[in-house]
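This briefing goes through the fold of one chain, topic by topic. Please keep the sequence and the model in view while reading.

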Amino acid sequence: MTANILVVSADGDTQNLLDETFWDYEVRVHSTLHSPSVLFQFYFVQPDLIILDMHQPANYDGKMLQRLRERSAVPIVVLCDPDQFEVKMQCLNGGADDVQALPFDELELRARVRALLRRAQVRRAAG
């Protein structure tokens, strides 16, 4: 099964790193910037998982996470700065399924994404 991952980031370097992380991983990575077009991309791509980069200070408000969570139960992994404990807690309490600190370990992120996709597939099959 090939999964669609929507990467939402304001940082081109992070987008490129995520593209490289998943290039041979049986997933299609669709990247978009933090903007009003994220919801359009969400409906267009119909992702199986979202990676939401919140390490830019302007993204800490959590509104994008809230908007995405209101529309779907798709697993969401948030990337943030390692010293932003409050942001991590806000994201987890706001509906994120996992939070990873930047810079992330590629193998760990792949394993976490695999686990979230597996759980989501089981839920879809049961539901």
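Is the crossing of helix 2 and helix 3 left-handed or right-handed? The crossing of these two helices is right-handed, and this, like everything below, is read from a predicted model. The chain holds five helices and five strands, and along the sequence they follow the pattern β-α-β-α-β-α-β-α-β-α. The radius of gyration is 13 Å, close to the 14 Å that the globule rule gives for 127 residues, so the chain is as compact as a globular protein of that length. Taken along the principal axes, the box filled by the C-alpha atoms is roughly 35 × 30 × 25 Å.

- The five strands form an open sheet in the order 2-1-3-4-5, and their pairing is parallel.
- Strand 2 (27–32) and strand 5 (98–101) are the edge strands, each of them pairing on one side only.
- Averaged over the sheet and with direction ignored, neighbouring strands are turned by 20° against each other.
- Strand 1 (residues 3–8) pairs with strand 3 (residues 49–53) in the parallel sense over four bridges, and Val7 has Ile51 in strand 3 as its bridge partner.
- As background, strands of a sheet pair through backbone hydrogen bonds, in either a parallel or an antiparallel arrangement.

**Helices on the sheet**

- Helix 2 lies across strand 1, strand 2 and strand 3, and its direction runs at about 175° to strand 1.
- Helix 4 (residues 85–93) also packs on the sheet, where it touches strand 4 (76–80) and strand 5, and its direction makes about 160° with that of strand 5.

**Helix 2 with helix 3**

- The axes of helix 2 (residues 37–45) and helix 3 (residues 63–71) come within 11 Å and cross at roughly 30°; because angles under 35 degrees count as roughly parallel, the two helices are therefore described as roughly parallel to each other.
- From helix 2, the residues Val38, Leu39, Phe42 and Tyr43 meet Met64, Arg67, Leu68 and Arg71 of helix 3.
- The residues of this contact divide into six nonpolar, no polar and two charged.

**Helix 1 with helix 5**

- The axes of helix 1 (residues 12–22) and helix 5 (residues 106–126) come within 10 Å and cross at roughly 70°, and the pair is therefore roughly perpendicular.
- Helix 1 contributes Leu17, Leu18, Thr21 and Phe22 to the contact, while helix 5 contributes Glu106, Leu109, Arg110 and Val113.
- By class, the residues of this contact divide into five nonpolar, one polar and two charged.

**Backbone points to inspect**

- Most residues other than glycine have a negative phi, and most peptide bonds are trans.
- Gln46, which is placed in the loop between helix 2 and strand 3, has a phi near 50°, a positive value in a residue other than glycine.
- The peptide bond from Leu102 to Pro103 is cis, with omega near -5°, and Pro103 is placed in the loop between strand 5 and helix 5.

Key: Residues numbered from 1 in each chain as written. Predicted model: local features only at pLDDT ≥ 70, side-chain atom pairs only at ≥ 80, totals over all residues. Heavy atoms only, no water. Axes fitted to C-alpha atoms, helices over the stretch in contact; angles between N-to-C directions. Parallel < 35°, antiparallel > 145°, perpendicular 65-115°, else oblique. Left-handed = near helix turned anticlockwise from the far one by under 90°. Contact = heavy atoms within 4.5 Å. Nonpolar A, V, L, I, M, F, W, Y, C, P; charged D, E, K, R; others polar. Pairing = 2+ DSSP bridges. Rg over C-alpha atoms; globule rule 2.2 N^0.38 Å.
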